[in-house]
Amino acid sequence: MGRHELTGAERGRSSAGRVERGPAQSVECRDVTVRFEPVTALAGVSLRVQPGEFVAVTGPSGAGKSTLLWTLAGAVRPSEGQVTVGSTAIVSRDQAARLGVAVVPQGNGLAAVLTALENVTLPLLAAGHGSAAARAAAADALAEVGLAESVGHLVEELSGGQQQRVAVARGLALAGGVLLADEPTSELDHGNREIVLTLLRAYAAAGNVVVMATHDPEAAAVADRVVRLDEGLLSVER
Ligand SMILES: Nc1ncnc2c1ncn2[C@@H]1O[C@H](COP(=O)(O)OP(=O)(O)O)[C@@H](O)[C@H]1O
Ligand SMILES: [Mg+2]
């Protein structure tokens, strides 16, 4: 795939502060309830995703899709129930990130006044990579989403679809086994949607976990398994 050695499933990082990656790990939430009073965003949700599996989470706006992803990422603490990555109970976003859990946020979460390359490089530096390796991994990830020509452009100069691809590149570069992608194709035309979905599929096929929230049935169709959220209740679609 032409990936730099720091990206991809096979990556194992051991230096202090970096992602500790042992064998492929599953992600699971068990009986998870999340309340934002008076709303119950997740109501007793249980989901286990195995290494190598690509799961799509569908459901209408407000159903709890983003809440589920951020709960799996450790950023939202459930009022009841538990999230585990491998055999480790997740208690914070930092801890989940150290275990290799990366998020592609809905609405991309990029810094508008930094370049595409800087947006992907900085979190790799924060995760403990050396600067040359971080820049190379970021450039590779951006090339994979078709943005090799745009690495030096400010995010605010890019189209919505290009920005979304930068966010996907950042997630793929940062992920150490688990990628949680929140509506990662909502701004993309057909060709770029295919590119992103192919990358997500390949990342899962390499032995990683991919969970993608989407309300696009064509995007969900490429997943191995589809679950549906409705008012915080999870059901199996296929
Ligand atoms: N931080 C928050 N504070 C209060 N309410 C929230 C918060 N995040 C989500 N919610 C509420 O939880 C419900 C589920 O939201 P969300 O997970 O964003 O749904 P989806 O991603 O499926 O559109 C909605 O009613 C939303 O308003
Ligand atoms: Mg959402």
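User: What makes strands β9 and β10 a pair, and in which sense do they run?

Analyst: In this predicted model, strand β9 (residues 225–230) and β10 are joined by four bridges in the antiparallel sense. One of the contacts can be named: Arg228 has Ser235, in β10, as its bridge partner.

User: What is the strand order of the sheet that holds β9 and β10, and what is its pairing?

Analyst: Six strands make up this open sheet, in the order β6-β7-β8-β3-β9-β10, and the pairing is mixed.

User: Why are β6 and β10 said to stand at the edges?

Analyst: Each of β6 (101–104) and β10 (233–236) has a single partner strand, so one side of each lacks a neighbour in the sheet. From one strand to the next, the twist averages 20°.

User: Which strands of this sheet does α1 touch, and which does α6 touch?

Analyst: Helix α1 packs on the sheet through β3 (54–58), β6, β7 (178–182), β8 (209–213) and β9, and its direction makes about 155° with that of β8. Helix α6 packs on the sheet as well, touching β3, β7 and β8, with its direction at about 145° to that of β8.

User: What is the strand order of the four-strand sheet, and which strands are its edges?

Analyst: The order of this open sheet is β2-β1-β4-β5, with antiparallel pairing. Its edges are β2 (39–49) and β5 (88–89); each has a single partner strand, so one side of each is left without a neighbour in the sheet.

User: What makes β1 and β2 count as paired?

Analyst: Strand β1 (residues 27–36) and β2 share seven bridges in the antiparallel sense. Val27 has Val49, in β2, as its bridge partner. On this sheet, α1 (residues 65–72) touches β1, β2 and β4 (80–85), and its direction makes about 125° with that of β1.

User: Why is Asn192 called partly exposed?

Analyst: Asn192 has 19 other C-beta atoms within 10 Å. A buried residue needs 20 or more and an exposed one has 12 or fewer, so a count of 19 falls in between and Asn192 is partly exposed. Asn192 lies in helix α6 (residues 190–205), and its C-alpha atom is separated by 20 Å from that of Ala205, 13 residues along the chain. Leaving aside residues up to four places away in sequence, Asn192 touches Gly146, Gly161 and Arg165.

User: Which element gives the most to the shell around ligand 1, and how do the shell residues divide by type?

Analyst: Helix α1 gives the most, with three residues, and both β2 and α1 supply at least two. The residues around ligand 1 include Phe36, Val39, Ala41, Lys65, Ser66 and Thr67. By type, the shell comprises four nonpolar, six polar and one charged.

User: How do you know what the radius of gyration says about the protein?

Analyst: A compact globule of 238 residues would have a radius of gyration near 18 Å, and the protein has 17 Å, so the two agree. The C-alpha atoms fill a box of roughly 45 × 40 × 30 Å along the principal axes. Buried residues make up 49% of the 238 residues. Among contacts between residues at least 6 apart in sequence, 69% join residues at least 24 apart. The protein has seven helices and 10 strands.

Key. Residues numbered from 1 in each chain as written. Chains lettered and ligands numbered in written order. Predicted model: local features only at pLDDT ≥ 70, side-chain atom pairs only at ≥ 80, totals over all residues. Pairing = 2+ DSSP bridges. Contact = placed C-beta atoms within 7 Å. Axes fitted to C-alpha atoms, helices over the stretch in contact; angles between N-to-C directions. Rg over C-alpha atoms; globule rule 2.2 N^0.38 Å. Near = placed C-beta within 6 Å. Nonpolar A, V, L, I, M, F, W, Y, C, P; charged D, E, K, R; others polar.
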